[in-house]
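This report covers helix packing and pockets. Please have the viewer open while reading.

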Amino acid sequence: MNTLTETLFTVLEAVGTVAFAVSGATVALQRRLDVFGVMLLGLTTALGGGCIRDLLLGRTPPVMFSQPLYAIVAIATSLVVFLLAWYWRIGFFGHMVLIDRVNNIFDALGLGVFTVIGVRAGIAAGYGGTRWCSA
């Protein structure tokens, strides 16, 4: 049974995944990539850092492979961003300054959430002590 803390961190992981998927998909759209490129860049942006973190901590397989929910969320979010940009293509490409500002907000949100998640993963892996900081 999940505790409140575990549920909170699961929600935070989903929020961070969505935020970075939006950020990656937006960059892909700015580079005029097709739907596959948008989904691939959104997926890589959303899950790449966590995959590297898990490998560095010795957690195999990484969470992105053992829990496909995060990959599904990232791909679905990227697809939604692509479809919205396609639907409003004239307005989308005509407002790149605004889109860059929104992209920065999603980047900051994802970075903050995944920093907390990464610190928690490091502490859970045994790197939470201060043994290297003692004088």
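## Largest pocket

The lining of the largest pocket splits into 13 nonpolar, 8 polar and 6 charged residues. The model is predicted. The volume of the largest pocket is about 560 Å³. Its lining has 27 residues, and E13, R53, R59, V63 and I117 lie nearest the centre.

Helix 1, helix 2, helix 3 (63–66) and helix 6 (96–124) are the elements that give two or more residues to this lining. Helix 2 has the largest share, with 9 residues.

## Second largest pocket

The second largest pocket holds about 260 Å³ of space. Its lining is made by V22, T26, V81, L84, A85, W88, G91, F92, I99, V102, N103 and F106. By class, these are 9 nonpolar and 3 polar residues, with no charged ones.

At least two lining residues come from each of helix 1, helix 4, helix 5 (89–94) and helix 6. Helix 6 gives the most to the second largest pocket, with 4 residues.

## Helix 1 against helix 4

Helix 1 (residues 4–30) packs on helix 4 (residues 69–87) at an angle of about 40°. Their axes are 8 Å apart. Angles under 35 degrees would count as roughly parallel, so helix 1 is oblique to helix 4. The crossing of this pair is right-handed.

From helix 1, the contact uses T10, E13, A14, T17, V18, A21, V22, A25, T26 and L29. Helix 4 answers with Y70, V73, A74, T77, S78, V81, F82 and A85. The contact counts 12 nonpolar, 5 polar and 1 charged residues. E13, part of this contact, is also among the residues nearest the centre of the largest pocket. V22, T26, V81 and A85 belong to the contact and also line the second largest pocket.

## Helix 1 against helix 2

The axes of helix 1 and helix 2 (residues 35–57) come within 7 Å. They cross at roughly 140°. Angles over 145 degrees would count as roughly antiparallel, so helix 1 is oblique to helix 2. The crossing is right-handed.

Helix 1 brings T17, F20, A21, G24, A25, V27, A28 and L29 to the contact. Helix 2 brings G37, V38, L41, G42, T45, A46 and L47. By class there are 10 nonpolar and 5 polar residues, and no charged ones. On helix 1, T17, A21, A25 and L29 take part here and also in the contact with helix 4.

## Helix 2 against helix 4

Helix 2 and helix 4 pack with their axes 8 Å apart, at an angle of about 135°. That angle makes helix 2 oblique to helix 4. Helix 2 passes helix 4 in a right-handed crossing.

Which residues meet between helix 2 and helix 4? On helix 2 they are V35, V38, M39, G42, L43, A46 and L47. On helix 4 they are Y70, A71, A74, I75, S78, L79 and F82. The contact has 12 nonpolar and 2 polar residues, with no charged residues.

Definitions and conventions. Residues numbered from 1 in each chain as written. Predicted model: local features only at pLDDT ≥ 70, side-chain atom pairs only at ≥ 80, totals over all residues. Heavy atoms only, no water. Axes fitted to C-alpha atoms, helices over the stretch in contact; angles between N-to-C directions. Parallel < 35°, antiparallel > 145°, perpendicular 65-115°, else oblique. Left-handed = near helix turned anticlockwise from the far one by under 90°. Contact = heavy atoms within 4.5 Å. Nonpolar A, V, L, I, M, F, W, Y, C, P; charged D, E, K, R; others polar. 1 Å grid on protein atoms, 1.4 Å probe; cavity = no way out; pocket = protein on both sides within 12 Å on 5 of 7 lines; lining within 4 Å. Points joined across faces, edges and corners; volume = space filled by probe spheres on them.
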